[in-house]
Structures are given as C-alpha cells and as structure tokens.
Amino acid sequence: MRNLDFEQNLLFSLKKLLGRSLPKSLGVAVSGGADSVSLLWALSKLEKKDSSFPKIFCVTVDHSIRAEKESSGDAAFVQELCGRLGFDCFVKKIGRGLVTELSSRRKKGIEEAARFLRYQKFEEFAKESGVPFVCLAHNQNDALETLLMRFLQGSSSQGAAGMAAKRGL
C-alpha cells in the first residue's frame, strides 16, 4: 500500500472501512487546517477521476471560541474552498460561551468540550444532508496524542487504544 499515491491509499481505506461498494454520498468535516483540507482535496481528485464516486458534502464547525472575525473567517475560508471545488458546504455554529460552559460543567478541558459539541454538529449535519458517513482527518500526531491522553487519564474502559478507524456515525 505504501507505493500507492495518497488518493489511491484513501480510496483503499474507504473501501476497507465502508465496504467494497461505497455509499452514494459522503460527508467530510473540514476545519480549514492542513489535515482536513488535504482530505477534502484528495476526495475531490477521486470524485473527478470516477463518476461513480460518492457525492461529497462538507461541514465546518465554528466553535465561537476565538474572536468573531477570526472564528467566522475560518468558516468563510472553508465555504470558499468548497465552492471552488464544487461541493455543498454546511456551516454549523456553536453559540458563544457554550464550549466554556460545557467544559466547566463536565470538569474537562476546552478541547474535550469543543470535540463533544463538534461531534453533535456532525450528527446534525449527517441527518440534514443524508450522508451515512462523515470522514475526519487525523494525522499520526493526533493518534499518538489520543493514546498518550488515554494512558495519562488511566482510561481502563478504552484500554491502551488510540483513535478508532470507524466509530458511531
């Protein structure tokens, strides 16, 4: 698999995770960062190469954690990129202060609260767009960070596991 280009490796992984016949549509979560933009770009190339490839729908989440102009600027960038690539883009906004409030209530960090709310928005997006799967982009550092975090938290329920390749939606 190492000799395959990135797009072919992605296609191989999608078929392995989702079954040999891909669904009619796929969602992709795009934050505007390098990981998710690379995923979107690769899916775009696959779609252009193969007319039977699933229709792509994008979602971006504005967490409203940073200043409004900066936070909404990320969403605008993703919308513009999706427009250039010909994809529909759903913007999901989390109300200002909700991430911090949830973090305090659950006695967890801001990142964990943001992730929890982001996944709720992904579920909303899937229902609205009708996609059966939402693809997320993670790199090796993300996977190692998750493994280390679980180890340091003493998470016996999840054992010494990193990120699952497929979960829930």
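The model is predicted: local features need pLDDT of at least 70, side-chain atom pairs count only at pLDDT 80 or more, and totals for chains, interfaces and linings use all residues. Residues are numbered from 1 along each chain as its sequence is written, and side-chain values use heavy atoms, with hydrogens and water left out. The chain holds six helices and four strands. The count of salt bridges is 12, that of aromatic pairs is two, and that of disulfides is zero.

**Fold and surface**

- Along the sequence the elements run α-β-α-β-α-β-α-α-β-α. Helices (H or I, at least four residues) and strands (E, at least two) are DSSP runs, numbered from the N terminus.
- The chain has 169 residues, and 34% of them count as buried. Buried means under 20% relative accessible area, exposed means over 50%, and partly exposed lies in between (1.4 Å probe, protein chains only).
- Among contacts with a separation of 6 or more, 69% join residues 24 or more positions apart. A contact means heavy atoms within 4.5 Å.
- The accessible surface of the chain is about 10500 Å², with 54% belonging to carbon and sulfur atoms. Accessible areas come from the Shrake-Rupley method with a 1.4 Å probe; for residues, only the protein chains shown count as cover.

**Aromatic pairs**

- There are two aromatic pairs. Rings of Phe, Tyr and Trp (its six-membered ring) pair if their centres lie within 6.5 Å; planes under 30 degrees apart count as stacked, over 60 as edge-to-face and the rest as tilted.
- Phenylalanine 90 and phenylalanine 125 are edge-to-face, because their ring planes stand at 70 degrees, with the centres 5.2 Å apart. This pair links distant parts of the chain: phenylalanine 90 is in strand β3 (residues 88-93), phenylalanine 125 is in helix α5 (residues 110-129), and they are 35 residues apart.
- Phenylalanine 90 is partly exposed at 23% relative accessibility. Phenylalanine 125 is buried at 0%.
- Tyrosine 119 and phenylalanine 122 form a tilted pair, because their planes are at 55 degrees; the ring centres are 5.5 Å apart. Both residues lie in helix α5, three residues apart, so about one helical turn separates them.
- Tyrosine 119 is partly exposed at 21% relative accessibility. Phenylalanine 122 is buried at 7%.

**Charges over rings**

- The charged end of lysine 55 sits over the ring of phenylalanine 57, at 4.9 Å from the ring centre. A charge sits over a ring if NZ of Lys or CZ of Arg is within 6 Å of the ring centre and within 35 degrees of the ring normal.
- Arginine 106 places its charged end over the ring of phenylalanine 116, at 4.1 Å from the centre.

**Salt bridges**

- The chain has 12 salt bridges. A salt bridge is a side-chain nitrogen of Lys or Arg within 4 Å of a carboxyl oxygen of Asp or Glu.
- Glutamate 7 bridges to lysine 45, with the closest N and O atoms 3.6 Å apart. Glutamate 7 is in helix α1 (residues 6-18) and lysine 45 is in helix α2 (residues 34-49), so the pair ties together parts 38 residues apart in sequence.
- Glutamate 7 is buried, with a relative accessible area of 8%. Lysine 45 is partly exposed at 34%.
- Lysine 92 meets glutamate 124 in a salt bridge, 3.4 Å from N to O. Lysine 92 lies in strand β3 and glutamate 124 in helix α5, so this pair ties together parts 32 residues apart in sequence.
- Lysine 92 is buried at 9% relative accessibility. Glutamate 124 is partly exposed, with a relative accessible area of 34%.
- Lysine 92 also bridges to glutamate 128, the closest N and O atoms being 2.7 Å apart. Here strand β3 is again linked to helix α5, with lysine 92 and glutamate 128 36 residues apart.
- A network of salt bridges links Asp62, Glu68, Lys93 and Arg96.

**Cysteines**

- A search of the whole structure finds zero disulfides. A disulfide is a pair of cysteine sulfur atoms within 2.5 Å.
- Cysteine 58 is in no disulfide; the nearest cysteine sulfur belongs to cysteine 82, 3.4 Å away. Cysteine 82 is likewise in no disulfide.
- Cysteine 58 is buried at 0% relative accessibility. Cysteine 82 is buried, at 0%.
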